Amino acid sequence: MSDIKSSQKDNVRIHGLEPARVITPAPQNQNFKSGIFASRAGPYGFSLEFPLGDGQVNEDVGIGARYTRDARSEKTILTKSHNIQAYFPRGHTTITVQRPGIGFLVMFPNEDLEQYSFLSIHLQGNSQITVNGFGIPFDSPDSPHIEGLVNGGVPLSGESALVDLLQQRDFYFYVACPAHLLAQQVCLDNALPSRYPYGQAHTWNEALYKEQAKNLKSSKAFSAAYSFENDNDHLAAITQSTVQDCFWLELAANQIAANHKPGFFASIGGVTEVDGSQIRYLIFLHEGMISQFKAAWQRLTKEAQLQVEIFEDYHDGTPLVKWDCEVLSHPETVAALRGHPINGSHELVLAVRVPPQKDRKACDMKVFSSYAEAHEARVRGEENWNCVSLRFGSQLDDCERKVNSICMFSPGSGASNPRAIGLLESHEMGNEARMKKLVEVEDKMDLHRALLRGNGFFQWMTRSPATDVVTAMEAVSLQSRPKFRPLPTVNFLETGDSQFIDSLMMELLPEDRNRFRRYLSCRPLGLGLITAGPGHAKTTMAAVSALIMQAKFGYVLCSGPTNVAVSNFAERIERISISTYARLNEGKSPDDPSYRRRKLVVRAYKNLDEISAMIALLRRPDAGDRAIENDRSPSASRWRLHLSFAYWVHVLLRSRASGIRQLDSSDCQGLHDLRLKIDKCDKMRELRAVATGKMSWNEYAKLRLDTKSHLVRIFADLIGLVDMLCTTPAMTANVRPYSRWKAEKAQCVAVDEAANMHRADLYTVWGNTLLPCFLAGDPYQLPPAVMTQSEKDGEGNLINRFASTGRISALEFLQASGMPVFRMRVQLRMARGLFDTVSRAIYDMPARYHDCCDITHDRFKAGRMLESYVLDKYKSVIPSEEGKLSPVFIHCDGTKVSIDPTTGSKKSVDQVTVALDFVADLVKATTTKTEQIIILAPYAANVELLRNMLKTKKYASLSGMDQPSTIDGYQGQEKDIVVVVMGTRAGKPGPGFTSDERRLNVLLTRQRCGLVIVGDIDVVGAMGPYMHGVSGSVYGRPVPFHLQGPLRTLHIALCRSGRVAKVKVNDKALPSTV
């Protein structure tokens, strides 16, 4: 008989009944809750709830915080309990309901016998219960008894442990419901249908996806999947969330390309020279095509590369030319188009990159000086305009890569990295050793799949590890009683080099050192999760973790969701490595046997970009990050110099190029050896000469040497020396040298900004053999990008039914499953006061500032100047609280907002003008440098407008300022002063996605010492009653739900603290089109 015991009578609900109680006798000193759950259409079973104890204690001693997914708030929240749910197999049980016997009154003398039922459930045949939550790491320092119950060290009853209870074949419950009523409600013999109707085949199959899109339509979305009952559900949800997000776009892009439409080029006055190419403006008559493909068009123009194809005539199937181009969101701002008034309902303007004449294929470009002239020509004949189509770049290659990575977790798949884990060497072993190795790897892969199902490890922990064929057969026999085995753990501190660990820990705050040591010393599954708010040194902690893993295991693959994230991560690893080894080598000479040498950290880009950059830096040593921009559009490559392979090759060549340093004594020995090899290579004499400046590029070019071959050889030697390879998930799969390094060398994985990473991207990097892994990120910032969310087809069916699942990041999924999380708790970047409001509105802990955030520090001088300037300019603004710097809001009274009918992006000329005027005057009135300021905007149209206006003479003083950026483009970056152009207004169009708390969080936390917000203070409801100095009730008409949330909290806080300035905007601003 099951022996579920409880210290209290717990209220539970059984489908169709009033709240009922499961009551069972409770022995002394056992404090946990139990209950049963059931419904006709869902699972039924019982649950056990154990208190976690004092969460603060767990965090202080380094155990970590525990989270769970809260269905009511739809958020991942801190939890105070450890929950285990056991589900009975519907259709495979025998259920009996009867009146309790006399024994009930013996155990519960104060209860009414007639109001209870005795429920018995018997498992039929070989069926088993499904257990969720079992095995999730549980620590309760203040309650060792409960910890023993959960972890199996203390019997639950008699000699039976918790695992014994869960392995029974018969279960019995007393339920607070009369027997005749309960019997009517628990007819649960029918099996539940499959969770997802997508079958068992999930490998890449375009034909299958087309069929599914046609036959599995629905207007109902699947709920966000934070756990999976089986591997098939896991594979179905993650593959479909990937495929449905983009596959329909490929179909739409092909249909768009099939539409040949008329178009013409603006006259030569609209020509801009860019690196030998011309930017020409093409007026494209789309004739309503954009409306036909509205949802796809808005998505494609945001993220897909675009080419214009020009044909001989409308019957020609092969284009004469294909030229790169981009859509102009607001062509009215382009002076060259003043003679060409654009009707947005059926016309489109493209900025086309026309190759130099010598590289250009023959094509008769139809050019007109005015729209009237072009119209007259078309009246005379269609052939007087160009025949044009638009070709968006395919996104299926990346989609296929993600699907292939997901399918690695299909049972029966091979190991993703057989050489790295020693599997390929098993053929050299004896039969017994080889079998043991194979079983060991398969067991670890099985454990990895359990982790990614997100519902605990009961099946794995109760299955005996098979070490040979006989044991394997016994392990799957249902007649044999499984034995409980704990999860494997990793002590990352056991590196054999305590001095290195001690030196590395000096990079952390004193309060974090001991608790992080504890966290590192016992990591179940070798998995570490680090979360932190902006400015809390999350990347530093991730870098420390990566360096510790390198010291213990060797080669580390480092990644992130974006190029910016990976670059920041690589630079932080290198910086911390330099300071750590400097401490270790202090007072030592390079000849000292104890002298330490750093590991080689490389930020890897496309290998073709790397080779191009190597050559470009020989030709133009001062090119730096712009080395390869001559060869392509600036946006086509994310290549940057620092720590790239091109960087290290030029270091080895003793290059004079800007940004290149020379090898020093603490660089790895392999680099010194490789440089010596290059020095001795006679065939590279001229290459060394041009790199060092002893020979000019023109002299070198005349020799016609095979430069590329030499550089490729150095590149190949260099990749063999890499200790820590930092690159994007796609690069680890698509670039052969990196995919080989991953498969053959990588022993562990570190990911920064993992809260912004798709699960499929993590799978690409991590592989399927459960390598030790650390993930760091901020779950309260931008989630993974899912572009297709609420879009519907013409029949009202959702295009992407898995949008909510796609938005669950790799980090949040593991966090919600209950794996312990190390939280960073101290603000280190922002001046005191700048994180207060965001912390209160969004995060689950109050803002705590380190002493380095004192506003009197020199690094916050720009913030103090900003504060003085604002108080002088806007007399109504109240000074920040003593010892703090607070954000300020510039309310644009009468602001107007226009919406681009093509892209849907919002633009506000007056808000952009107010922001630029503010920055220009700030720079003029103070010693603030333009390099210290960035302007951000949520909407791309405002970013484009900002960039165009910055090119005018009026704002010439701001030429040194970084280019304005969207939120997504600036995540992971920071500036002293941030000016935000919200681009929204009250009423229509409303706050839009600026009210999304994660997007808002990124937008308002990029600053170090100053934040200025430009917009409409009333966009989330009238703020008049909340203004500083206004008395009386603030309660009136209820605020609509869509206006509630952190953005409204922020506005109210700024109003109450008197941090709102009012500006009457120019009445000549563009009229609203809303």
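**Reading bridges, backbone and a pocket**

Analyst: Let's start with Arg-685, which counts as partly exposed at 42% relative accessibility. Buried means under 20% relative accessible area, exposed means over 50%, and partly exposed is anything in between (1.4 Å probe, protein chains only).

User: What should I know about the model itself before I read on?

Analyst: This is a predicted model, where local features need pLDDT of at least 70 and side-chain atom pairs count only at pLDDT 80 or more, while totals for chains, interfaces and linings use all residues. Residues are numbered from 1 along each chain as its sequence is written, and side-chain values use heavy atoms, leaving out hydrogens and water.

User: Okay, salt bridges. How many are there by the rule?

Analyst: The rule asks for a side-chain nitrogen of Lys or Arg within 4 Å of a carboxyl oxygen of Asp or Glu. Here that gives 52 salt bridges. Our opening residue has one: Arg-685 pairs with Glu-686, with the closest N and O atoms 3.8 Å apart.

User: Which residue does Glu-382 meet in a salt bridge?

Analyst: Glu-382 pairs with Arg-378, at 3.0 Å from N to O. Glu-382 is partly exposed at 32% relative accessibility, and Arg-378 is partly exposed too, at 25%.

User: And what does the bridge between Arg-463 and Asp-446 tie together?

Analyst: Their side chains meet at 2.7 Å, N to O. Arg-463 sits in the loop between α13 (458-461) and α14 (469-475), and Asp-446 in helix α12 (residues 431-453), so the pair ties together parts that are 17 residues apart in sequence. Those element names follow DSSP runs numbered from the N terminus: helices are H or I runs of at least four residues, strands are E runs of at least two. As for accessibility, Arg-463 is partly exposed at 21%, whereas Asp-446 is buried at 16%.

User: Now the backbone. Which peptide bond is cis, with omega near 5 degrees?

Analyst: Look at the bond from Lys-988 to Pro-989. Pro-989 lies in the loop between β33 (975-981) and α35 (997-1003).

User: What about phi? Where do Leu-643 and Arg-704 lie?

Analyst: Each has a positive phi without being a glycine: about 70 degrees for Leu-643, near 55 degrees for Arg-704. Leu-643 is in the loop between α19 (607-619) and α20 (645-652), and it is buried at 0% relative accessibility. Arg-704 is in the loop between α23 (697-702) and α24 (707-719), and it is exposed, with a relative accessible area of 75%.

User: Last one: how do I read the second largest pocket, and what is its volume?

Analyst: On a 1 Å grid over the protein atoms alone, a pocket is an open set of points with protein on both sides within 12 Å along at least five of seven lines, and lining residues have an atom within 4 Å of a point. This pocket has a volume of about 700 Å³, the volume being the space filled by probe spheres set on the points. Its lining has 27 residues, with Ala-213, Trp-248, Leu-251, Asp-793 and Ile-799 nearest the centre.

User: Which helix gives the largest share of that lining?

Analyst: That's α7, with eight residues. Helices α6 (206-215), α7 (231-257) and α9 (294-303) each supply at least two. By class, the lining has 14 nonpolar, seven polar and six charged residues. Nonpolar covers Ala, Val, Leu, Ile, Met, Phe, Trp, Tyr, Cys and Pro; charged covers Asp, Glu, Lys and Arg; the others, Gly among them, are polar.

Terms used: On a 1 Å grid over the protein atoms alone, a cavity is a set of points where a 1.4 Å probe fits but cannot get out, and a pocket is an open set with protein on both sides within 12 Å along at least five of seven lines; lining residues have an atom within 4 Å of a point.
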